[in-house]
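Okay, thanks for coming, everyone. Have a look at the chain on the screen, and then I'll walk you through it.

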Amino acid sequence: MIGKKIIGALVLCLILGSPALAQNRLNNPEFSNYPATIFVGRLMIPPYYVKSADVWRDDMGKQVAAPTVNFAGKHYVGLHSCGTECRYYTLSDLSTGKDLKALDMFSSDGEKPLKTRDGRTYITELVTRPDSAMIVARYRIDESSGHPAECRERIFTLSSDGQKVAPITGTIKGCVSR
């Protein structure tokens, strides 16, 4: 009877994974932990992206990277400038050509720079991979009021419908090269 319980417990650990491995996944998530299948059909580029000669531009006429799948299998995370200390991100589903609002929380509003609770300005840098639904938000905080410049990060994952991102870590002091 004890032998069956031990074997059952081992099988359950193999099926579900050990708690230590699960905790490690949450503390040190990797892009490979959140795989996405890359779309192979015809890309539908949103109409506000225009290619002129060899340069892509957005609807404000600002230069942007070429729209290609760079996130979660079928999405393009576009970085746009709206002036000094102002940037915003778009999330385009390149299988449909539709934009989603999931990354709006990482954008400045164009009126004032983003600030930490203690009043320091920062910009957000998003790190993505084409084959993963994980996204790393790096917060580059300016030197100010006797505080040195620093980098913090928080890791999120995109919902299966592409409508929102949910945090999978808290905010971490320091940034890890990925």
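So, to start: what volume does the largest pocket have? About 390 Å³. Before I go on, a word on the model: it is a predicted one, where local features need pLDDT of at least 70, side-chain atom pairs count only at pLDDT 80 or more, and totals for chains, interfaces and linings use all residues. Residues are numbered from 1 along each chain as its sequence is written, and side-chain values use heavy atoms, with hydrogens and water left out.

Back to the pocket, and what that word means here. Lining residues have an atom within 4 Å of a point. Points are joined across faces, edges and corners, and the volume is the space filled by probe spheres set on them.

Which residues come closest to the centre of the largest pocket? Out of 15 lining residues, they are Thr116, Tyr122, Tyr139, Arg152 and Thr171. By class, the lining has seven nonpolar, three polar and five charged residues. For those classes, Ala, Val, Leu, Ile, Met, Phe, Trp, Tyr, Cys and Pro are nonpolar, Asp, Glu, Lys and Arg are charged, and the others, Gly among them, are polar.

Now the strands around that pocket. Helices (H or I, at least four residues) and strands (E, at least two) are DSSP runs, numbered from the N terminus. Strands S7 (114-115), S8 (121-127), S9 (134-141) and S10 (150-158) each give at least two residues to the lining of the largest pocket. S10 has the largest share, with three residues.

S7 and S8 run antiparallel and are joined by two bridges, with Lys115 opposite Thr121 in S8. Their hairpin has five residues between the strands, and there Gly119 takes a positive phi near 90 degrees. Then S8 pairs with S9, again in the antiparallel sense, over six bridges. Is S8 mostly covered or mostly open? Mostly covered: five of its seven residues are buried, where buried means under 20% relative accessible area, exposed means over 50%, and partly exposed is in between (1.4 Å probe, protein chains only).

There's a second largest pocket too, with a volume of about 160 Å³. It has 13 lining residues, and Lys74, His75, Ser159, Ser160 and Gly162 are the closest to its centre. This lining splits into four nonpolar, six polar and three charged residues.

The structure holds one, and the cut-off is a pair of cysteine sulfur atoms within 2.5 Å. Which cysteines form it? Cys151 and Cys175, with their sulfur atoms 1.8 Å apart. The link is left-handed, at -85 degrees about the S-S bond. Cys151 sits in S10 and Cys175 in the segment after strand S12 (172-173), so the pair, 24 residues apart, links distant parts of the chain. Cys151 counts as buried because its relative accessibility is 13%, whereas Cys175, at 29%, counts as partly exposed.

Three strands make an open, antiparallel sheet in the order S1-S2-S3. S1 (50-52) and S3 (63-64) are at the edges with a single partner strand each, so one side of each has no neighbour in the sheet. Three bridges join S1 to S2 (residues 55-57), and Val50 has Arg57 in S2 as its bridge partner.

Two alanines to look out for. Ala53, in the loop between S1 and S2, has a positive phi near 60 degrees and counts as exposed at 69% relative accessibility. Ala72, in the loop between S3 and strand S4 (75-83), has a positive phi near 50 degrees, but it counts as buried at 12%.

Last, the whole chain: two helices and 12 strands, with 36% of its 178 residues buried.

Definitions and conventions:
Pairing = 2+ DSSP bridges. 1 Å grid on protein atoms, 1.4 Å probe; cavity = no way out; pocket = protein on both sides within 12 Å on 5 of 7 lines; lining within 4 Å.
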